[in-house]
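I opened my notebook to look up a few things in this protein model. Here is what I went after, entry by entry.

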Amino acid sequence: MKISKVEFQNFRNFRDHCELTFPTDGSVTVIYGPNGVGKTTLHQLFQWIFYGEVHFNKTASNKMYNLDFEQSVGFHKTFPVLGVIDFEHPNAAGVVEYYSLRREWIYQKEQYESKVITKKFRLSKRIGDDWKTVSDNPENIIEQILPSGLSQYFFFDGESMIADLNQKGRDSAKSLRKALYSIFDLDIYEQALVHIGTQSSGTSTVLGKLYLSRAENSTNKDVIIARGAYNQSLKKVESLEEEIERCKNAIARYKAEAQDLSEKIGSNPSQEALEKRRKKARDAIKTIEGAIQREMKSFGATVMANYPYLLISRVVEEAELRIGLKVEDQKLLPGLTKDLVLSLLNEHTCLCGNPIHESEHAELESLLKMFPPLSYKYIYDQFKNSATRWSATYDSEILLKHLEAIFQYRDQIASLQQEIHDIDEEQKQGENVDALIAKRAKAEESQRYWRGELDKFTKELGLQEQIKKQRKKKLDDLLARVGENEKLDAQIQIIEAVRVYYDSTLKASAKRYSETLRHAIQDLLGKMLTSTRQVSMTEKFELSVRDSFGDEAKSEGQFAVVSFAYIGGIFKLLGDVPALRDKEFPLILDGPFSKLDVIQRQNVIDTIPAYAPQVILFSKDDINACFGEEGVKNVWTIYSNAERNVSHVERGYNPEVFSVNGTDY
């Protein structure tokens with residue numbers, strides 16, 4: 001099958017309606033997004049639509065809806081969480097058919113938490129131009145097309161795989177073993193073996209019940225005593241096995257609790273860390289306030305040093321203006337000079353020969369007053385020239401620079417004050433890390449206690465097993481002399497043969513499939529890894545990758561390459577199985593590309609398209625250039641708000657996503 005479109009609304013941090021299309025021609029699609037914007041959510045969306053399940057980490061909320069969307073809904077009102085996948089799938093004759101799968105959960109908003117009141121799931125098939133519902137039980141059809149047992153490999157999380165490989169890959173081995181046993185019908189053999197059991201497994205299994213029936217048929221006194229002793233050992237062993245199982249469950253429970261607390265501790269800074277951040281911000285504010293004081297002092301010193309010159313310059317301008325206005329107001333005759341007026345005042349007759357009377361003499365006196373004295377003119381000109389020379393050398397930008405620095409410092413203080421406010425809010429909303437650390441220590445102490453109990457019961461079980469074995473042998477010897485059990489012995493012999501057949505068939509199949517997977521992973525590592533490594537895999541599908549000295553891979557980069565090879569090997573294995581050979585499975589991969597070096601990354605990109613007929617990659621790292629000069633053609637980018645709780649998807653490649661860390665989009 002190949003996915004052509006996914007459509008969704010109100011799914012976790014994707015509040016608004018979104019629609020992504022994918023090519024079905026074999027070309028790769030890349031969905032980009034930095035940490036926290038919703039890559040994992042979108043990756044899990046596919047599984048939710050197909051199977052109604054998600055596998056987020058333990059610290060993630062279990063709410064499927066968007067909190068911002070829920071807030072806009074009134075109390076007791078209903079609202080949907082919607083997901084639709086359109087896909088194509090060939091029928092038995094090889095003809096491609098088109099389907100649309102729709103999952104919708106209807107919530108009702110309550111006072112404390114919205115609850116699911118209806119779950120809808122519908123599979124439609126396109127017939128001509130119409131879409132018709134395929135079946136009342138679409139789960140069965142989806143199970144046939146895309147088996148849920150292998151869903152974690154179709155929707156592969158590389159980061160989780162790396163974490164598991166660091167722990168010897170045991171969880172992955174168990175999951176893969178369970179999935180493959182289900183796909184290849186090997187789980188039937190496994191269940192049959194559990195049902196058959198052994199002669200020492202008590203009345204809960206076929207062989208155990210037949211064996212005890214042999215003893216019950218005898219009336220011999222010695223047999224009755226030996227049978228009672230053996231039954232006592234059986235009960236003691238069963239009791240110890242129950243205690244051991246209880247210890248293992250307790251260890252697993254406290255281990256999970258410790259891991260959960262560790263994740264919470266990692267996501268919640270301690271009181272000490274918050275106080276350090278707060279103190280750092282406050283110290284920075286004090287430092288900046290000191291810088292502001294220094295800038296203000298420098299500004300004042302600059303003003304005081306230059307104030308006389310500034311004042312002189314201003315006075316010159318005003319004096320010049322006033323003199324001009326005074327001359328204009330008096331309206332002196334054009335061409336009239338002070339020398340001419342003085343000459344006329346010293347004469348008794350005018351230039352025209354007419355006598356100068358007293359009134360005319362007074363008028364000339366008033367005109368003379370309109371001219372400044374020669375000493376004032378000289379001082380004024382000198383004053384003006386000095387001011388002009390000073391103003392040519394004065395840099396007025398000095399004062400502005402002081403002011404700009406003060407404004408910038410005040411902006412920094414406002415930012416730091418906001419940071420302190422955010423720290424206070426974080427402290428209010430976060431959990432007490434010191435208390436979490438104490439809880440984790442208590443959980444770890446409980447783990448140690450139950451491990452001690454487990455060791456004690458395990459040792460006692462070993463002893464009781466030996467006693468049981470001895471008592472069984474004694475009972476066997478006594479029963480061998482009794483001729484009443486020939487029929488039961490024949491039945492036991494037949495069931496034992498069946499058990500051996502099932503066991504050998506199961507082991508042979510497990511060996512064949514694990515060896516096929518090992519070869520596939522070895523081949524892919526040879527293409528992708530820059531160093532030589534040898535792959536080995538047990539019949540329980542436990543994987544190890546070692547160098548020539550037998551040392552296991554240690555770096556996260558090598559583990560990342562192994563995770564890519566692991567999923568590629570699984571797809572290769574599925575392609576080699578006759579029952580699955582004609583089926584197409586998409587690969588939706590959240591890949592740890594950041595852990596690869598340049599060469600390994602290119603090797604992985606070159607190899608990935610051969611994994612599956614359709615590949616959709618999620619990446620927080622820029623891998624566009626790895627696809628050649630034109631880059632990958634089918635690209636989507638996830639954007640989010642500052643709180644990373646409302647995201648949306650847009651078509652296209654945006655390099656700014658990779659050049660700015662923590663930017664709001």
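Predicted model: local features only at pLDDT ≥ 70, side-chain atom pairs only at ≥ 80, totals over all residues.

Entry 1: Buried means under 20% relative accessible area, exposed means over 50%, and partly exposed is in between, using a 1.4 Å probe and protein chains only. Asn634, Trp636, Ile638 and Ser640 sit on one side of β13, with Val635, Thr637 and Tyr639 on the other, and all of them are buried.

Entry 2: Residues are numbered from 1 along each chain as its sequence is written, and side-chain values use heavy atoms, leaving out hydrogens and water.

**Entry 3: the neighbours of β13.** Which strands pair with β13? Strand β3 (residues 29-32) runs parallel to β13, joined by four bridges, and Ile31 has Trp636 as its bridge partner. Strand β14 (residues 647-651) pairs with β13 in the antiparallel sense over five bridges; here Tyr639 is partnered with His648. Two strands count as paired if DSSP finds at least two bridges between them. The hairpin of β13 and β14 has six residues between the strands, and there Arg644 takes a positive phi near 60°.

**Entry 4: the nonpolar cores.** I looked up the largest nonpolar core, which has 101 residues; Leu42, Phe50, Phe87 and Leu617 touch the most other members. Helix α17 gives the most to this core, with eleven residues. A nonpolar core is a set of buried Ala, Val, Leu, Ile, Met, Phe, Trp, Tyr and Cys residues joined through side-chain atoms within 4.5 Å. Leaving aside neighbours within four places in sequence, Leu42 is in contact (heavy atoms within 4.5 Å) with residues including Ile31, Ile638 and Val649. A second, separate core of ten residues includes Ile244, Ala250, Trp450 and Leu454.

**Entry 5: helix α17.** The 21 residues of α17 (residues 556-576) should span 30 Å at 1.5 Å a residue, and the end C-alpha atoms are 30 Å apart, which agrees. The expected span is 1.5 Å times one less than the number of residues. Of the 21 residues in α17, 17 are buried.

**Entry 6: salt bridges.** How many salt bridges turn up in the whole structure? The search finds 18. Each is a side-chain nitrogen of Lys or Arg within 4 Å of a carboxyl oxygen of Asp or Glu. Lys125 and Glu97 meet in one of them (3.0 Å, N to O). That pair links distant parts of the chain, 28 residues apart: Lys125 is in strand β6 (residues 115-127) and Glu97 in strand β5 (residues 96-108). Lys125 is partly exposed at 21% relative accessible area, whereas Glu97 counts as buried at 17%.

I also found Arg518 with Glu515 (2.9 Å, N to O). Both lie in helix α16 (residues 486-528), three residues apart, about one turn of the helix.

Methods: Helix = DSSP H or I, 4+ residues; strand = E, 2+ residues; numbered from the N terminus.
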